[in-house]
Amino acid sequence: MKRRILYYLTIAMGSFLLMSFAPIAENYNSERATEAQRSEQTSDSLSVITELTHRCIVLEAQHAKLRRQLTTTEKHMTDLATLSQTLLNTTTAQRATIDSLRATCNSLEVQLQQDGAQVTQKMEEVDRSINSNKALLHQRSLWGIVIAIVLIGAVVGIAYWLARRVKRSSSSIEEIRKAQHAVEAAQQRMAEESVKLDNQLLQLVEKQLETTAAGVAGSGEPDHSLVVKLADEIARIETNLSKMDKSVRGYKQLVQAKDRMINNVRANGYEIISLIGQEYNDGMQFKARMVPDETLPEGKRIITGMIKMLVNYNGKMIQPAEIVVSQNI
C-alpha cells in the first residue's frame, strides 16, 4: 500500500514537472529574462511535493492506526458475541434447573401432605394404644394391690395367731418354729409374687414404650409422661430390691428387666438415676424424708429408698428425685 502511494506520487510529480517545464523548454530562448520567476515557481512546486509527501506519510500512519483500532474492535465484538452466547446458554440451563426445582418442590409438597396424614393416623393409633395399655396397667395394678393385701393379711393373721399361742403358753417351741417357718414362707411367697408382678409390669411397660417410640418417631418433642411413670415404678422396685433377699425366686430376672428398661430409655435420650446407697448431704436439692436408724454410725445419713427417681432428658432434668434418708443424728 505504501509503495503504491509512492508510485502514484512519483507519477504525479513527473506529470506535474513535465507540465511545468514544457512551456519553459518552448520559451527557453525567448524568455531568459523570466528565468528567475520560473525558478521560483519550480521551488514552490518542490515545496508542494514535499508537503504532499509528508501528508501521505501522516495519512498512512493514521490509516495504520485505524486498522489497528478496527482489529481491536473486531476482537472485542467477537469476545462480546462469545460472552453473549455463554450467557444465553447459562440462562437456558438456569431456566431448566428452575423448572426442575419447581417440579421437585411440587412433588415434595405432595409427599409432605401424605406424610402428614400418615403421621396423624399413627398418632391416633398410638393414642388408642396408650389408652388401652393404661387401662390394662391400671387393672393389673389393682390386681397386684389386691394380691399384696391378701398376702399381708395372711402374714398378719399368722402373726396374730402366733402371738395368741405364745400368750397362752400352749405352744411348744416346735410349734413356734413351725409358725415362724410359715411366716417366712408367706413372706417368701409374697416377695416372689411381688417380683412376678413387677416383672409383668416391666414387660407391659416395655411393649408400650416400643409402641410409642415406633408411632411418634420424628414427630417432634416426645411425651415424657410414660417414662416418668416408668421411673416411679422403678423407684419402688429399686427400694424393694434393696430390702429383699437375693435368694428370692425371680430376683435376678427382675434386676435384669429393670436394668434393661433403664438402658432402653437411655437409648432414646432419657437417664433414670438411682441414688440408693449414696451418702446424703445438705447440698442435694431433692425432697427428702428422714427416717431414724440407730444401726448407722453416728452422724451418718444414707439414702435407703427412692420415692421418685431422678430423670433427665438429653441432659436436662425433667423430674427431680424424691428420696428416703436413714440417719443417726
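Me: What share of the contacts in the chain with a separation of 6 or more comes from residues 24 or more positions apart?
Reply: A contact means heavy atoms within 4.5 Å. Here such residue pairs account for 72% of those contacts. The model is predicted: local features need pLDDT of at least 70, side-chain atom pairs count only at pLDDT 80 or more, and totals for chains, interfaces and linings use all residues. Residues are numbered from 1 along each chain as its sequence is written, and side-chain values use heavy atoms, with hydrogens and water left out.

Me: How many helices and strands does the chain have?
Reply: Helices (H or I, at least four residues) and strands (E, at least two) are DSSP runs, numbered from the N terminus. The chain has five helices and six strands, in the order α-α-α-α-α-β-β-β-β-β-β.

Me: How much of the chain is buried?
Reply: Buried means under 20% relative accessible area, with a 1.4 Å probe and protein chains only. Of the 329 residues, 24% are buried.

Me: Which residues have the most contacts inside the largest nonpolar core?
Reply: In soluble globular proteins, nonpolar side chains tend to be buried together. A nonpolar core is a set of buried Ala, Val, Leu, Ile, Met, Phe, Trp, Tyr and Cys residues joined through side-chain atoms within 4.5 Å. The largest one has 23 residues, and Ile-234, Ile-303, Met-306, Met-309 and Ile-323 have the most contacts inside it. Among the elements that give two or more residues to this core are helix H4 (225-243) and strand E3 (301-308). H4 gives the most, five residues.

Me: What does Ile-303 touch beyond its neighbours within four places in sequence?
Reply: Its contacts include Leu-275, Tyr-280, Met-284 and Ile-323.

Conventions. Buried means under 20% relative accessible area, exposed over 50%, partly exposed in between (1.4 Å probe, protein chains only).
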